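Look at the structure, then read on.

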Amino acid sequence: MSSSPTPGLTRFNTADDSEARAVLREVCASQAWGSRIAGRRPYATTDALLAASDAATAELTAEDLAQAMAGHPPIGRPEPGDAASAREQSGMAGASEELRAEMLALNLAYQERFGHVFLICATGLTGEQMRDAVRHRLGNSPERERETVRTELGKINRIRLARLVADMADMTDTARTADPADSPDTAKDATRDTAKDTAKETSVSTHILDTSAGRPAEGVALTLSVRSAPDGPWSAHGASKTDADGRCKDLPALPEGTTHVRLEFATGAYLAHQAAPADQQAAEQQDAPRARDSGAFFPEVAVTFAVNPGEHHHVPLLLNPFGYSVYRGS
């Protein structure tokens with residue numbers, strides 16, 4: 001148990017508010033959580049910091065939890081460059097193709113049931129243990145699962161905070177080597193540079209799950225448009241097509257100043273391709289609208305959402321021939 005401030009904790013305590021929030025965003029994507037942790041400084045010990053994290057996690061609303069989960073990738077698929085998630089999910093690194101495929105199917109089933117990514121403190125768990133956990137939790141009620149997510153998030157935040165403090169101690173040592181005077185201004189400059197280094201570009205990704213077939217929707221073209229004010233003009237910024245996993249991973253980073261994004265999915269061609277079973281069902285429904293016979297009741301889907309600078313926004317589409325929904329994922 002820690003009994004006195006460490007060099008890393010002292011550095012965290014003395015960082016200015018914006019710098020502290022920047023490094024805390026790497027621990028947890030919830031702004032409410034970061035504000036509470038930064039606002040309750042200074043901490044006498046690392047244990048006090050971790051206890052404050054537990055308290056802040058317990059206070060998160062459902063919206064806050066959703067924002068926190070948006071910062072976590074699906075198990076087995078951390079984003080390139082996300083070293084923290086890759087390290088935490090190392091139990092999946094040597095998983096067989098069969099286990100990876102099973103985890104993909106379970107993750108999609110979980111997201112369809114609960115509307116968000118499956119979150120678990122993966123540190124120290126094997127791939128099989130993670131698979132067993134998601135299988136078990138699929139049977140939870142939404143209310144019970146939300147509290148399970150809160151518990152797992154608390155564990156993850158503790159591990160990441162402890163690492164943050166250790167990393168800031170290393171930064172202190174580096175700053176001392178660079179400047180023997182080790183002035184407070186020098187320490188703050190080094191922290192500010194690190195905050196800049198950890199700042200991420202604003203970005204967007206998506207995936208499509210065909211809920212009528214229970215599998216990813218491959219080959220759906222989409223376009224990305226941006227604007228820099230609520231009433232500003234839209235500008236085309238990129239285009240892509242979903243891969244075999246139903247995902248678009250190659251959308252370009254957003255221009256500085258972007259406030260809103262629009263994704264337009266060309267769903268008509270995909271749904272028409274899947275239309276044979278739908279046509280048979282429509283023929284049996286004599287009073288069904290003629291539009292159903294086309295197999296593409298929704299020939300396109302347009303989704304507009306606000307973005308925050310420096311954050312990644314993953315917005316999946318759950319699609320079937322006669323309905324769709326979207327949510328903010330991770």
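**Aromatic pairs**

The count comes to 5 aromatic pairs. Rings of Phe, Tyr and Trp (its six-membered ring) pair if their centres lie within 6.5 Å; planes under 30 degrees apart count as stacked, over 60 as edge-to-face and the rest as tilted. This is a predicted model: local features need pLDDT of at least 70, side-chain atom pairs count only at pLDDT 80 or more, and totals for chains, interfaces and linings use all residues. Residues are numbered from 1 along each chain as its sequence is written, and side-chain values use heavy atoms, with hydrogens and water left out.

- Tyr110 and Phe114 form a tilted pair, 4.8 Å centre to centre, with 50 degrees between the planes.
- Both residues lie in helix 7 (residues 97-114), 4 residues apart, about one turn of the helix. Helices (H or I, at least four residues) and strands (E, at least two) are DSSP runs, numbered from the N terminus.
- Tyr110 and Phe114 are both buried. Buried means under 20% relative accessible area, exposed over 50%, partly exposed in between (1.4 Å probe, protein chains only).
- Phe298 and Tyr324 form an edge-to-face pair, 5.1 Å centre to centre, with 85 degrees between the planes.
- This pair links distant parts of the chain, 26 residues apart. Phe298 is in the loop between helix 12 (275-284) and strand 7 (301-306), and Tyr324 is in strand 10 (residues 323-326).
- Tyr324 counts as partly exposed because its relative accessible area is 39%.
- Phe297, Phe298, Phe322 and Tyr324 form one aromatic cluster.

**Cysteines**

- The structure holds 0 disulfides. A disulfide is a pair of cysteine sulfur atoms within 2.5 Å.
- Cys28 is buried, with a relative accessible area of 2%. Cys248 is buried too, at 1%.

**Nonpolar cores**

- The largest nonpolar core has 43 residues. Such a core is a set of buried Ala, Val, Leu, Ile, Met, Phe, Trp, Tyr and Cys residues joined through side-chain atoms within 4.5 Å.
- Phe12, Trp33 and Ile37 have the most contacts inside this core.
- Helix 9 gives the largest share of this core, 7 residues.
- A second, separate core of 23 residues includes Leu254, Phe265, Phe305 and Val307.

**Around Phe12**

- Not counting residues up to four places away in sequence, Phe12 touches several residues, including Ala20, Ile37, Arg41 and Leu164. Contact means heavy atoms within 4.5 Å.
- The charged end of Arg41 sits over the ring of Phe12, 5.6 Å from its centre. This term requires NZ of Lys or CZ of Arg within 6 Å of the ring centre and within 35 degrees of the ring normal.
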